[in-house]
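Work through the exercises below with the sequence and the coordinates open. Try each task before reading its solution.

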Amino acid sequence: MPTIVTHAAVPLCLGLGLGSRIIPPRLLLAGVAIAMLPDADVLAFKLGVAYGHVFGHRGFTHSLLFAFALPTLAMLFYRQLRARAATVWSFLLVSLVSHSLLDSLTTGGKGVGWLWLWPWRDERFFAPWQVIRVAPFKLEAYLTARGEAVILSELYWVWLPGVVLMLVLMGWRVWGRGW
């Protein structure tokens, strides 16, 4: 998995790029939180749930079912998020799906349980390109050469493209939509 902070890159860059008139601060914060939420499944380790189990790490909380259900429920709170229901749903969907997509681009783990046909099939998948170095679970591992390689990989493959997208969207807003 990418680091928990890097999972915030997609909603942050997209939300800041689109601006607060489209993505209000409350919705942006919800997008950041929802993008990080799937990794709460690591708590399953403490409960004895195996990594490869459907409710283990990179399982149900990384599924498309979860990714569509949660934003759908969040639409009930569109007024509190100060955005239209469709905006809430689409922004949170992109934020949540980005988590699984980023995880599928990593060089380790057991793949992502997109659960196409769950509960009948619980296959796990990787993207065709695995370019993001998988992040270690232990915090002290970031003080090693491996930790440095993970951070540099995330900067290169996630944050840099995210910032470029953000700047393009900002430019589109500032200089008009006539490009």
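Helices here are DSSP runs of H or I with at least four residues, numbered from the N terminus. The model is predicted.

**Exercise 1. Place Arg173 in the fold and list what Arg173 touches.**

Step 1. Find the element. Arg173 is found in helix α6, which covers residues 145-175.
Step 2. The relative accessible area of Arg173 is 36%.
Step 3. Look for partners, leaving out residues up to four places away in sequence. Arg173 touches Leu16, Gly17, Leu18 and Gly19.
Step 4. Compare sequence and space. Arg173 and Gly17 are 156 residues apart in sequence. Their C-alpha atoms are 8.3 Å apart.

**Exercise 2. Describe the overall fold of the chain: which elements, and what dimensions?**

Step 1. Count the elements. The chain has six helices and zero strands. Read from the N terminus, the order is α-α-α-α-α-α.
Step 2. Box the C-alpha atoms along the principal axes. The box is roughly 50 × 40 × 30 Å.
Step 3. Take burial and contacts. Buried residues make up 43% of the 179 residues. Among contacts between residues at least 6 apart in sequence, 63% join residues at least 24 apart.
Step 4. The chain exposes about 10200 Å², with 72% of it supplied by carbon and sulfur atoms.
Step 5. Locate the charges. There are 15 positive and 8 negative charges, and their mean positions are 13 Å apart.

**Exercise 3. Is Ala8 buried or exposed, and which residues does Ala8 touch?**

Step 1. Ala8 lies in the segment before α1.
Step 2. Apply the cut-off. Buried means under 20% relative accessible area. Ala8 has 4%, so Ala8 is buried.
Step 3. List partners more than four places away in sequence. Ala8 touches Val32 and Met36.
Step 4. Take a C-alpha distance. Ala8 and Ala33 are 25 residues apart in sequence and 7.6 Å apart in space.

**Exercise 4. Treat two loop residues, Arg82 and Val42.**

Step 1. Start with Arg82. Arg82 lies in the loop between α4 and α5. Its phi is positive, about 60 degrees, although Arg82 is not a glycine.
Step 2. Classify Arg82. Its relative accessible area is 56%, so Arg82 is exposed.
Step 3. Move to Val42. Val42 lies in the loop between α2 and α3 (43-46). At 26% relative accessibility, Val42 counts as partly exposed.
Step 4. Val42 and Gly31 are eleven residues apart in sequence and 20 Å apart, C-alpha to C-alpha. Not counting residues up to four places away, Val42 touches His57 and Phe137.

Key: Residues are numbered from 1 along each chain as its sequence is written. This is a predicted model: local features need pLDDT of at least 70, side-chain atom pairs count only at pLDDT 80 or more; totals for chains, interfaces and linings use all residues. Side-chain values use heavy atoms; hydrogens and water are left out. Buried means under 20% relative accessible area, exposed over 50%, partly exposed in between (1.4 Å probe, protein chains only). Contact means heavy atoms within 4.5 Å. Accessible areas come from the Shrake-Rupley method with a 1.4 Å probe; for residues, only the protein chains shown count as cover. Lys and Arg count as positive and Asp and Glu as negative; His and the chain ends are not counted. The place of a charge is taken as NZ of Lys, CZ of Arg, CG of Asp or CD of Glu.
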